[in-house]
Protein chains: 2
Amino acid sequence: MQFKRPEHKINLNPLQRGGILTKEAREALIEFADGYSVCDFCPGRIDLIERPNIKKFIHEELPEFLGCDVARTTNGAREAKFMVMHSLATKAKKKAWIVVDGNSHYSTYIAAERAGLEVAETENTGYPEFKILAEKYSETIEKTKRKGEVVLSVLTYPDGNYGNLPDAKKIVKISHSYGIPILLNCAYSVGRMPIKMNKFGADFIVGSGHKSMSASGPIGVIGMKKDWEPLILRKSKRFPNKEVECLGCTSRGASIITLMASFPKVKERVKKWTQEVEKARYFSKELEKLGLKQLGEKPHNHDLMLFESQIFYEISKKHKKKGYFLFHELKKKGIIGIKPGLTRNFKLSTYLLTKEELDYVINSFAEIIEKYRNFIN
Amino acid sequence: MQFKRPEHKINLNPLQRGGILTKEAREALIEFADGYSVCDFCPGRIDLIERPNIKKFIHEELPEFLGCDVARTTNGAREAKFMVMHSLATKAKKKAWIVVDGNSHYSTYIAAERAGLEVAETENTGYPEFKILAEKYSETIEKTKRKGEVVLSVLTYPDGNYGNLPDAKKIVKISHSYGIPILLNCAYSVGRMPIKMNKFGADFIVGSGHKSMSASGPIGVIGMKKDWEPLILRKSKRFPNKEVECLGCTSRGASIITLMASFPKVKERVKKWTQEVEKARYFSKELEKLGLKQLGEKPHNHDLMLFESQIFYEISKKHKKKGYFLFHELKKKGIIGIKPGLTRNFKLSTYLLTKEELDYVINSFAEIIEKYRNFIN
């Protein structure tokens, strides 16, 4: 075969752990592999197709799952963010602003830049926890309002660097107290942990199919309050059935069928979130025993964690493979997903790994440290 | 299995014929089924990944194939059109216009609407050929320039209703004589027939992976002249490695791996285009012998054809299944892809069907007519 992934037993990449397909999705993928195969019975828009029943999925199951009134699939979480920002920018009178948390994903900034919006960011608390405090939103909004209209707040929940979960409810309240709608970027939570937009009172929620809902890429989901439907899902003047921000249809193909096929299992797995958090905490504690340090919130509340590792960094300085030694050592043990070249700071995820698999990873780290004991001063 | 496509021997849907995966793409799809699986070795942007070698594909093979200087993958042809229009709209001083052919796909209008651009359209020649004449572009551009700035011309090559192939070279020349760049929407040609942007002298070319390049959806391609790179692929101010209109990365996942895996065969198949045109013409002639009428250009130059059928329409008026009878009769014979409910006008494609398969379809149509002979006055 021409295209091969690296062989591995365990993939620790946070980007990958929630996107591993279910058995059901693999079957559906093979059945619907061809180009436009979900469109055999298209009535004119992807979310209205009933065979396969995309209509029921998008109009009933997805809103219920996200805790929102109206939902759509998109080509990804970033595309969903752009859709909202672009709609709000179109409506804004002049150059407008959004306020985001200081741990935002780069695609939040780029979606804003593409929409012609300026970005003001709230600071995090810095090393070692890098927390986003609700109060900072008031401060940043106050300051930004003096510069221009603020059309949206964004909160990354959790962020993709530290896996921190800020007080979303409080931040939503603060944003609303200034009359500013708020979007929750839940690319690392929707599909992993139980989360409902309406429990936080937010206006928009965005999730990622390929990141956290066991779907083939690229696909995202967006949920919103009914009030926003006329703006965000506004219809074309010339083609009254088509939604302008969706360019008519979005996730046409293999991506949506895998999202739908995995969905029943995804709904079940979020119920076991407490166990996932317990496993993450156990893993964090064990790595710290080896001399690593977990950054971000402690005790941690999410499977995505950033570790600081002076030990591996010391080894890398003397190893002929430099920073790449860690990647190679782990790969020999069948473990991938830590970014090649990184040793001093690296992130990983424990999501859906068994206790046995985690112990295997912990032991592997221990063995690598042992192997290079004489490299460490 | 929960999700099943309708069983069939032959699918005549023009949307589907060019999107059937190659064996190589099916294998790659299974290997790279999981969410973000192409990103195992991500250096920060999808078009720079070397394992699998997306970099070589996007930066060498694709530009050569499209006959352009710079290429990217997108989430689809419509997303590629929006990318260009949005960039041009951002640069335009006031409310600006685009000029499109009267056979444009709806997504061209919607991409313009989303970008805040007005659309002026050239007329086609009407029934029965619905041709787009080059001269009409001069007329429409002249008229539109009086209303405001024209930032782009679009030519659909071929269109998705009649499968007509206008004189692209001449239309490009006309557009350029007014200093207006031109985009070729080649969703039904790139991957089916030999086509090079530079042979026409156009500025942009757009294609569809799931429609015509044997890729799983959603994915598209865009090619452009080097001069346009600084605008269309402008970098983020804050993240200088990321391209704003791509939101950083586009076709992350199964879609790009299937596009790449099918690509060697796609490059080969376009060389056999003459045979495809011959088959289409044969099919058209045979259906006309049965009393149907092929609309659009004659003799026809593309596999996508629209047929007018007074006979099936007459039958439908007396049949208890109404317009749906044709779909059901064909389905019984293992033929799908003609839109359920249609009898009077329907489009289909002969692309990559063998002579034997086409004869089977022709005979099936003949048998259905024979079966309902007494329904026809």
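This is a predicted model: local features need pLDDT of at least 70, side-chain atom pairs count only at pLDDT 80 or more; totals for chains, interfaces and linings use all residues.
**View 1. The interface between chain B and chain A.** The contact draws 76 residues from chain B and 76 residues from chain A. Between the two chains, about 6800 Å² of area is buried. Carbon and sulfur atoms give 57% of that area. Salt bridges between chain B and chain A number 14.

**View 2. A salt bridge between Glu245(A) and Arg114(B).** The side chains of Glu245(A) and Arg114(B) meet here, at 2.8 Å from N to O. Over all chains, the count comes to 64 salt bridges.

**View 3. A salt bridge between Glu367(A) and Lys333(A).** The N to O distance for these two side chains is 2.6 Å. The pair links distant parts of the chain, 34 residues apart. Glu367(A) sits in helix H15 of chain A, residues 355–371. Lys333(A) lies in the loop between helix H14 (325–332) and strand S11 (335–336) of chain A.

**View 4. Helices H2 and H11 of chain A.** H2(A) spans residues 23–31, and H11(A) spans residues 254–269. The two pack at an angle of about 155°, with their axes 8 Å apart. Angles over 145 degrees count as roughly antiparallel, so H2(A) is roughly antiparallel to H11(A). Their crossing is right-handed. From H2(A), Glu24(A), Ala25(A), Ala28(A) and Leu29(A) take part. They meet Ala254(A), Ile257(A), Thr258(A), Ala261(A), Ser262(A) and Lys265(A) in H11(A). The contact residues of H2(A) with H11(A) divide into 6 nonpolar, 2 polar and 2 charged.

**View 5. Helices H2 and H11 of chain B.** Here H2(B) covers residues 23–31 and H11(B) covers residues 254–269. Their axes come within 8 Å and cross at roughly 155°. H2(B) and H11(B) are therefore roughly antiparallel to each other. The crossing of H2(B) and H11(B) is right-handed. On the H2(B) side, the contact is made by Glu24(B), Ala25(B), Ala28(B) and Leu29(B). On the H11(B) side, Ala254(B), Ile257(B), Thr258(B), Ala261(B), Ser262(B) and Lys265(B) make the contact. These residues of H2(B) and H11(B) comprise 6 nonpolar, 2 polar and 2 charged.

**View 6. Helices H4 and H5 of chain A.** H4(A) runs over residues 77–91, H5(A) over residues 106–114. The axes come within 9 Å and cross at roughly 35°. The crossing of H4(A) and H5(A) is right-handed. H4(A) brings Arg78(A), Lys81(A), Phe82(A) and Met85(A) to the contact. In H5(A) they meet Tyr106(A), Ser107(A), Thr108(A), Ala111(A), Ala112(A) and Arg114(A). The contact of H4(A) with H5(A) has 5 nonpolar, 2 polar and 3 charged residues.

**View 7. The cis peptide bond from Tyr127(A) to Pro128(A).** Omega for this bond is near 0°. Pro128(A) is placed in the loop between strand S4 (118–122) and helix H6 (134–145) of chain A.

**View 8. The cis peptide bond from Tyr157(B) to Pro158(B).** Omega is near -5° for this bond. The place of Pro158(B) is the loop between strand S5 (150–156) and helix H7 (168–177) of chain B.

**View 9. Backbone at Leu247(B).** Phi of Leu247(B) is near 55°. That is a positive value in a residue other than glycine. Leu247(B) is found in the loop between helix H10 (229–232) and H11 of chain B.

Conventions. Residues are numbered from 1 along each chain as its sequence is written. Chains are lettered from A and ligands numbered from 1 in the order in which they are written. Side-chain values use heavy atoms; hydrogens and water are left out. Axes are lines fitted to C-alpha atoms, for helices over the stretch in contact, and angles run from 0 to 180 degrees between N-to-C directions. Helices (H or I, at least four residues) and strands (E, at least two) are DSSP runs, numbered from the N terminus. Angles under 35 degrees count as roughly parallel, over 145 as roughly antiparallel, 65 to 115 as roughly perpendicular and the rest as oblique. A crossing is left-handed if the near helix is turned anticlockwise from the far one by less than a right angle, and right-handed if clockwise. Contact means heavy atoms within 4.5 Å. Ala, Val, Leu, Ile, Met, Phe, Trp, Tyr, Cys and Pro count as nonpolar, Asp, Glu, Lys and Arg as charged, and the others, Gly among them, as polar. Buried area is the accessible area (1.4 Å probe) that two parts lose on being put together, summed over both. A salt bridge is a side-chain nitrogen of Lys or Arg within 4 Å of a carboxyl oxygen of Asp or Glu.
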